[in-house]
Amino acid sequence: MEKERQLFDGEPVIEFQNTKDRRQFLKYAGMVGVGGTLALTGVACTNDKAKNPVSPDRKSDEPSVPQGDIDILNYALTLEFLEADFYKQGVDSGILKGRELDLIKPIADHEAAHVATLSSTITDLGGEPVAKPNFKYPDPTFKNKDDFLKTASTFEELGVKAYHGQVTLIKTPAILGAAASIAGVESRHAAVLAKLLGSNPFPAPVEGTLSMDEVLKAATPFIQS
Amino acid sequence: MERRVFLKGSAAVIPASLGLQMLMSRGTAFAQGADFKDDVEVLNYALTLEYLESEFYRQGNGAKLLSGVEAGYLKQVGADEDAHVAAISQTIKDIGGTPVAAPKVDFGEAFANRESFLKTAHIFENLGVGAYLGAASFIKTPAILQAAAGIFGVEARHAALVGDLLGLAPEGGVYQGATETPETKANVLKAAAPFLK
């Protein structure tokens with residue numbers, strides 16, 4: 001363990017105890033984002049005796065995942081709110097055309113889908129999704145393409161590092177699977193935006209990480225309340 | 001492949017009740033408890049794929065089918081795969097395992113021209129993304145999970161960029177939906193089989 005930690009600078013937290021956890025992870029790694037409200041319902045029931053994980057009369061008042069995981073989901077939700085808001089304004093602004101617009105429109109859709117999925121997942125797990133913050137952007141952000149793309153690239157690289165920074169802190173395998181399946185898409189976005197900007201789409205052979213504090217510090221200038 | 005088609009195409013318009021049924025049946029497809037018995041097995045699986053990619057780009061980049069910025073991108077992709085091979089091999093040794101040898105490969109007509117090179121690259125990269133996501137849950141050591149996730153993200157970058165170089169449709173070409181799709185070991189090995197001798 002020591003050696004691996006030195007190699008990758010990771011912090012040991014999660015270990016799959018049994019095949020059930022593993023199965024949960026695999027199941028949700030592929031389905032989050034597809035079913036919206038139902039995407040992670042099964043997780044909330046892992047401590048229940050319910051045979052049918054999506055039984056509507058399951059007990060939903062007791063969260064069955066650690067509060068830390070809910071906090072991480074709310075953290076991800078905050079960032080996705082920021083991205084979704086940012087891309088919606090960007091797409092609506094009319095500064096993007098042609099292939100650029102075609103490449104960025106789906107990004108806006110993805111971020112909106114991530115918001116919807118994370119919100120409903122938090123609710124399903126018995127948590128309280130954070131409210132959408134009010135955002136502010138420096139003046140030229142939506143006035144010209146270059147400023148928009150630069151900010152977009154910053155957000156994507158930040159988002160990627162934010163997700164990867166939580167990999168070893170998430171305790172519930174299903175949530176980890178879901179987060180990973182979102183993180184991969186953020187990596188795709190990051191590469192596309194770097195290419196549009198003429199910067200490096202592959203800054204490192206392995207995605208980097210940032211702590212929650214570091215990410216929130218970077219995002220704070222854009223959050224009004 | 002069915003899963004992917006489902007995810008890509010119609011997720012947004014499927015009614016909740018129907019979508020749910022499909023999700024439940026999808027879930028079972030991933031439960032293959034015997035795929036990997038320990039971290040070394042997962043890492044050797046990843047190493048085989050990385051060897052395949054690394055050699056693919058060595059030959060492809062050597063064939064001089066690309067030029068300018070595009071050639072630069074693919075050179076970088078190849079360098080990333082080389083780095084993955086080195087890091088995974090080292091990690092396997094560090095935890096007391098034996099890294100598998102590089103497989104013998106045959107890429108057929110993949111290097112006939114620019115398009116065939118990029119198209120095959122696109123397949124490999126998306127396969128790698130699905131493979132890492134599908135295997136991640138078998139990883140027991142957090143530090144290794146962190147590294148595998150980090151590699152997974154970079155494979156997703158490669159896949160998106162190559163998709164864009166090919167001028168593919170953004171959704172379903174450059175991107176594969178709002179979330180990545182895990183792939184089972186069986187499906188990955190089946191997809192890789194034509195290239196392994």
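Helix α4 (68-94) of chain B and helix α6 (residues 142-165) of chain B pack at about 160 degrees, their axes 11 Å apart. α4(B) is therefore roughly antiparallel to α6(B), a label for angles over 145 degrees. The model is predicted: local features need pLDDT of at least 70, side-chain atom pairs count only at pLDDT 80 or more, and totals for chains, interfaces and linings use all residues. Residues are numbered from 1 along each chain as its sequence is written, with chains lettered from A and ligands numbered from 1 in the order in which they are written.

The crossing of α4(B) and α6(B) is left-handed; that is, the near helix is turned anticlockwise from the far one by less than a right angle. On the α4(B) side the contact includes Y73(B), V77(B) and H84(B); on the α6(B) side, I151(B), V154(B) and H158(B) are among the residues. Contact here requires C-beta atoms, placed from the backbone, within 7 Å.

Chain A has a helix pair of its own. Helix α5 (residues 98-124) and helix α7 (residues 173-197) of chain A have axes that come within 11 Å and cross at roughly 155 degrees. They are therefore roughly antiparallel to each other. α5(A) passes α7(A) in a left-handed crossing. E100(A), L103(A), I107(A), H110(A) and H114(A) of α5(A) meet I182(A), V185(A), H189(A), V192(A) and L196(A) of α7(A).

The residue classes of the two contacts are tabulated here.

| α4(B) with α6(B) | nine residues | three residues | two residues |

Ala, Val, Leu, Ile, Met, Phe, Trp, Tyr, Cys and Pro count as nonpolar, Asp, Glu, Lys and Arg as charged, and the others, Gly among them, as polar.

Chain A comes to eight helices and zero strands. Helices are DSSP runs of H or I with at least four residues, and strands are E runs of at least two. Of its 225 residues, 49% count as buried, meaning 20 or more other C-beta atoms within 10 Å.

Back in chain B, helix α3 (residues 39-62) has 24 residues and reaches 34 Å from its first C-alpha to its last, close to the 34 Å expected at 1.5 Å a residue. The expected span is 1.5 Å times one less than the number of residues. In α3(B), 18 of the 24 residues are buried, so the helix is largely enclosed by the rest of the structure.

K64(B) follows α3(B) and lies in the loop between α3 and α4 of chain B. K64(B) has a positive phi of about 55 degrees although it is not a glycine. Most residues other than glycine have a negative phi. K64(B) is exposed, with 9 other C-beta atoms within 10 Å; the exposed cut-off is 12 or fewer.

Technical notes: Axes fitted to C-alpha atoms, helices over the stretch in contact; angles between N-to-C directions. Parallel < 35°, antiparallel > 145°, perpendicular 65-115°, else oblique. Contact = placed C-beta atoms within 7 Å.
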